[in-house]
Amino acid sequence: MLEAIGPWLTAFFLLSIFSFTYKENPWFRFAEATYLGVAVAYSIGFDLDWLLNQWNTIWSVTGTKILLFAFALLIGLLFYFRFSKKYFYLYRIPLSIGVGTYIGLSLRTMVFAQFLTQIKATFIPLAAGTPLDIFNNILIFVMVVCVLIYFYFTAEHTGPLKYTAKIARYTMMAGFGSAYGNTVMTRMTLFIGQARNLLKHPPSFATFGILILGSLLLRDYMAKQKQVAVKD
Amino acid sequence: MTKASSEGIWEKLQSIDSRVIYLLMWVVVLWPLMSPINLPVGVGRQSKEYFEWVDSIPDGSKVVFSYDLSFAGLPELGPMSVATFHHLLEKDVKIYLCAYWNSGADIAQDDIELLKPEENYGKVYGVDYIHMGYNPRGETGMTQFAADVYKAFPNDFVNNRPLDTYEIMEGVHGAEDFDYLISIESGTPGSPEWVRQWIEPYGIPFSIGALGVSVPGVAPYYNAGQIKSFIAGLRSAAEYEMLIGRPDVAMAQQDPLSTTHILVIAFVAIGNIAYFCTRSKKGGGS
C-alpha cells in the first residue's frame, strides 16, 4: 500500500515545491509547511531515541548516574525559560554550558588544525618537483602573500601595494568564480536527482504536473479577467 | 536592423522572465534523461586519488565510515556513499558505519539494504561491518566517539543491541583503535569538526566525499594534508563509479549535468554580452 502511495506523494510534494518557480502559491505554502513539520518531528524523534538509548545503557544502571541524568535533564529544561520574560535569565544557564563546552572542545585543537597547519602548508619549496609543481607553488606563494597584504588596512593601497592589491583581487575573483561554478553544479545535481525521481513514475508526474500548473495558469487567467471586468 | 530595435533586443535579453529560464531548465534535464546522449566521461586526478586511497587500505584495517549527509544532498552524495561502501565491502576490512546527521543513519541503512553485504559480498553483520547509528551532538559527539565509542553509540542501529555484544567491537574503545576515517558530508558537522577532533589529535588518515559547493572550503585541508583525498560533486561520483567498475546512478546523470551547464554558460554569456552592449550604448560603466 505504502509503496503504491509513495511515488504519488513524492510527485505531489516535489512539484508543489517546484511550483514556487512560477510564483508564490498555496501549493508551495502547503508543501513547505508540511516539510517543516515532518523535518522537525523527524529530528526530535531521532534525538529522543538517542536519549532513551543513553538512559537504558549508561545512565539507569546506578543511583548516582540516575541523579546525574536527572540533573542534566533539569538543566536542559531551563531552555524553555526562553519563553518567559520574568525568568529569561535562567535560559542562559544551559546556553552558556553548551557554548562553553563547544568552544572549549573546538579551541583545544583549532589553533593547530585550522591555523598553524594551514600556515605551514604555505611554506612550500619554490623550486622542486615538475615544472607544473614549481608553477603551482609560486602561484600559491604569490597569491597568499598578496591577499594577506590586501587585508592590511593600515597603509593605503598606493605605490607597490596597488599592484599587490590588484593581484589579490584577481585571486579572490578566481576563488569566487570557482565557488560559483561548484554551486551551479550542486544545485543542478539536486534538480536532476529529483527530476529522475519524477521520471521513475510518469503517471504521478503527469497528473500532478498538469493539476498544479493548470491550477496556477487558471488562477492567473481568472485574476486577469477580474481586472479587465473592474476596468470596464 | 535599426538602432532602436537592436537596443530593444539587448535590453530584453537582460530581463528574460525567470520562468522561461526554469522551463528551459526542465527541457534540458528531462530530454537527456529520457533519451541519453552518452557524452564521454573522463577520469580526473582527484577521483583517481580517492580511488587509490580507498583501494590501498590494507586488509584487516578498521575503517570508520560516517554518513554526515542529509536527504537533500542525496542526489550528489548518495552515489558516492554507495560506491564507497561497495568498494570497502569488496575489501577485507572492518567497516564501522555511523552518522552525525540524523538522516545519515537512515541513508546508511538504505545502502545496507541496497548492497546486501551478506548476499553479495559474503559479509556478516556485527563481524565484518556494523551500523552504530546516529549521534546528535555534532562536534561534541565526535569528541565523545574518540574517547569512548560505547558512550557515543550505546546501541547499534539495526538491532538496537548494545554495541559491545558484537564481535567486530572486540578491542575497540576509541579513536586510537581505528585506522581510517571516511566521511560523506553535506555540511556542519563535517570535515572541519573531524579534523579538529580526530585528525589533529590522533593523526588518522582521512578522506571525504563532499558536495560540489563545498570544494573551496575543503581545499585548504587537502592542501595541508589533513584530508588525504576527496571527491566532490556528481561528476567526481561518476568518475569514481567508473574506477570501481560499477557505473550506476551518477553515471546515468552525466548527460543532464552537461546540458544544464551548457545552458547556464549560454545564459551567463548572453547576459554579459547584453550588459556590455547596452552599457557601451548608454556610455556608462567604469
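**Two chains in contact**

The contact between the two chains takes 45 residues from chain B and 41 residues from chain A, where two residues are in contact if their C-beta atoms, placed from the backbone, lie within 7 Å. On chain B, the elements that each supply at least two residues of the side touching chain A are α2 (18–34), α4 (74–89), α7 (138–147), α9 (191–202), α10 (215–223), α11 (233–243) and α13 (254–282); helices (H or I, at least four residues) and strands (E, at least two) are DSSP runs, numbered from the N terminus. By class, this side of chain B has 25 nonpolar, 13 polar and seven charged residues, with Ala, Val, Leu, Ile, Met, Phe, Trp, Tyr, Cys and Pro counted as nonpolar, Asp, Glu, Lys and Arg as charged, and the others, Gly among them, as polar.

This is a predicted model, in which local features need pLDDT of at least 70 and side-chain atom pairs count only at pLDDT 80 or more, while totals for chains, interfaces and linings use all residues. Residues are numbered from 1 along each chain as its sequence is written, and chains are lettered from A and ligands numbered from 1 in the order in which they are written. The predictor gives the complex an ipTM of 0.87 and a pTM of 0.91. For chain B the mean pLDDT (the predictor's confidence in each residue, from 0 to 100) is 93, and 96% of the residues of chain B reach 70 or more.

Turning to chain A, one finds seven helices and zero strands, so that the pattern read along the sequence is α-α-α-α-α-α-α. The radius of gyration of chain A is 29 Å, whereas a compact globule of 232 residues would have one near 17 Å; this radius is taken over C-alpha atoms, and the globule rule is 2.2 Å times the number of residues to the power 0.38. Along the principal axes, the C-alpha atoms of chain A fill a box of roughly 70 × 70 × 45 Å. Of the 232 residues in chain A, 11% are buried, a residue being buried if 20 or more other C-beta atoms lie within 10 Å of its own, exposed if 12 or fewer, and partly exposed in between, with C-beta atoms placed from the backbone.

Chain B is divided into domain 1 (3–35 + 256–282) and domain 2 (45–252), with bounds that come from an automatic or database domain assignment. The C-alpha centres of these two domains of chain B lie 40 Å apart. Strand β1 (residues 62–68) of chain B is mostly covered, since six of its seven residues are buried. Five bridges join β1(B) to strand β2 (residues 94–99) of chain B, and the two run parallel; strands pair if DSSP finds at least two bridges between them. In this pairing K62(B) stands opposite K94(B) in β2(B).

Some details of the backbone in chain B also deserve a look. Most residues other than glycine have a negative phi, and most peptide bonds are trans. N38(B), in the loop between α2 and α3 (45–55) of chain B, has a phi near 60 degrees, a positive value, and N38(B) is exposed, because 9 other C-beta atoms lie within 10 Å. K116(B), in the loop between α5 (102–115) and α6 (117–121) of chain B, has a positive phi of about 50 degrees although it is not a glycine, and K116(B) counts as exposed, with 11 C-beta neighbours inside 10 Å. A cis peptide bond, with omega about 0 degrees, joins T188(B) and P189(B), and P189(B) lies in the loop between β4 (180–185) and α9 of chain B.
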